[in-house]
Amino acid sequence: MISFNIKHLGWKGMACSALVAAATLTACSDWDDHFDANSSVLDSQRSTLWQQIEKADNLKEFASLLKKTGFDENLSASQTYTVWAPVDGTFDYDVLANYSSERVLKEFVENHIARNNYPVSGQVDQRIYMLNEKKMSFNGSSDYNIQGVKLITPNMSSCMNGTLHTINGKVPFLSSIYESLSNFDYPIDSISAYIKSYDEKKIDESKSKKGPVLNGEQTYLDTVYYEHNELFTFYDAYINEEDSSYTMIAPTNKAWEKAMTTVRSYFNYRPEFEFMEDPVDKVVQKVKLEDADAMRDSVAKVALYAGLIFNNNIYDNKKLKTLQTGATLHADSLITTTETKMYSEDAENLFAHATRVEKSNGALWVTDDSLYMRTWTLWNPEIRIEAEYSNYWAGTSNVSNNQPEAKAVNKPNEEVLGKISNGSYLEVAPKSMAVNPEMYFYLPNVRSTEYSVYVVFVPANINSKYYSDPLKKNHLEVIIGYADDKGKNAEVTFKDIEPEVDSLLTVEGMTAKIDTTYIGDITFPTSYVGMYGSSQTYAPYMRIRSRVSSKQAATYDRTMRIDCIILRPKNLDDYIKAHPDYKYDRHLY
């Protein structure tokens, strides 16, 4: 799933800064030399592509658009191209003439020109990358076509710098998912603005010609740039690449704002709050945020966007390639590019009220005025903390050897009911028979919301059905500490907790169960998502301690065996109770 470590997002003083963009741009460079035409040509071939286009009576409209974009100069130089030129009256010239030169260049001119020579004769069956990186089918044996558009005059001119074909119409331009964010053909400029805010140009040092180092900085005599967007890497979703295949849910502006209102509620940050750095010795640290509101807005956008993109080439995601508007998705599950799994019920809802728009590298699904994603799917997920992971240990008291012991379950007792997660658990044994051990855990990535809290306990005979001691219950107290709505450290205590032990008599003797024990409900007013200091993860804490008196020692067990801690959003907990067969992604921290 997506990591909310703010360091990865380029935060400066815990305020999000713009990151980084998408295709490849080049300045004048000897890189072009790779495409120079062969100079040993016949005299009849010494005219340029531009000269042939300019003098053709039926290519006036095409020539006008070349001049509008300045590409006539490129076709006058020595670099080799093949041009498929639509003849006058076969395309929407008046519409294109009103576009910006940048858009005409990308969507029309570069959509009809490729580097290198592609003359035709005999059987042709090729896949050609045009200058805008779109891949086109060029085929035929007598009636040739480029991406389905018929050639009128193949090989109209073999020029000193390439080949000219005339065609009967415009080659359709199909934008990539990323390019669609700039077109605004649909009301999706809210999500588009978020993604585009991370665009920037970077110098391609491997292709740029270096100059002297001035004032400690490298200069360049000839600079080649490329565009980069850090979100592509952060979300593992390269929606700009033509050789990829993605499905992206695109919420309309109304759907985006409606969802953002909900998502923001999970990320309420206080400018100042207290953090219990050492719960055992009660060492409190005061934490200050430079801009809590900016942090809230940025983290909310990260969370919202994280569940919207799917790689079409993996698992059941492949079914998205052919899913059409109005059709029902039949898939066991989908996996987002941030590795969150959405099972069939949730996955189907995402597309039920959206419209498919075909793109060159997949499809964009534009929603209606709502985004049909359940809040716990990714924005406010269930949090599961494996107790045996020592990085969550906040401290101990009255524990044997001053350290609890993580134990692997290599061959679990098959008579124990239930299943242990991750194949291991934490055993917290008392320092002596007369004391009660205590274990403290940090609870990372808590949202500002209400949770139903569970702790999964393991019976003493988990590793062997020949366990000889009589099985006993635990008697426990659980305390959760956090920053209250004023930023002050507060604690909530849950008493008299007894994990269930089934006294089922079998031939072998007594058996027991792995018990998911309900602790209680708690509301955290402050979000801790992305709260990382130089060497500290800020988080609430849980204190689990045995509460067995000397009189109870014969019937209760002071040793605690803990599998994991579960913080389940209250609305998810209620839904599961009403729908016990509901499948959802159980996030592991």
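**Chat about a predicted model**

Modeller: Of the 589 residues in this protein, 52% count as buried, where buried means under 20% relative accessible area, exposed over 50% and partly exposed in between, with a 1.4 Å probe and protein chains only. This is a predicted model, so local features need pLDDT of at least 70, side-chain atom pairs count only at pLDDT 80 or more, and totals for chains, interfaces and linings use all residues. Residues are numbered from 1 along each chain as its sequence is written, and side-chain values use heavy atoms, with hydrogens and water left out.

Colleague: Thanks! How many helices and strands does the protein have?

Modeller: The protein has 12 helices and 33 strands. These are DSSP runs numbered from the N terminus: helices are H or I with at least four residues, strands are E with at least two.

Colleague: Let's look at α12. Which of its residues are buried?

Modeller: In α12, residues 570-578, the buried ones are L572, D573, Y575 and I576. They line one face of the helix, because seen down the axis they fall within an arc of 165°. That arc is taken from the directions from the helix axis to the C-beta atoms.

Colleague: And what covers the buried residues of α12?

Modeller: Their cover includes α11 (344-352), β26 (450-457) and β33 (560-569), with contact meaning heavy atoms within 4.5 Å. On the face turned away from the buried side, α12 carries the exposed residues K577 and A578.

Colleague: New topic: where is H112?

Modeller: H112 sits in the loop between α5 (101-109) and β3 (113-115).

Colleague: Is H112 buried or exposed?

Modeller: H112 is buried, with a relative accessible area of 0%. Not counting residues up to four places away in sequence, H112 touches F62, T82, V83, W84, P86, M130, I167, K170 and V171. Take K170: H112 and K170 are 58 residues apart in sequence and 8.2 Å apart in space, C-alpha to C-alpha.

Colleague: What about α5, which residues are buried there?

Modeller: In α5 the buried residues are V104, E107, F108 and V109. They are on the same side of α5, because they cover an arc of only 155° around the axis. The buried residues of α5 pack against α2 (60-69), α3 (71-74), β2 (81-86), α4 (93-97), β3 and α6 (177-183).

Colleague: Last one: how much accessible surface does the protein have?

Modeller: The accessible surface comes to about 26,800 Å², and 46% of that belongs to carbon and sulfur atoms. Areas come from the Shrake-Rupley method with a 1.4 Å probe; for residues, only the protein chains shown count as cover.
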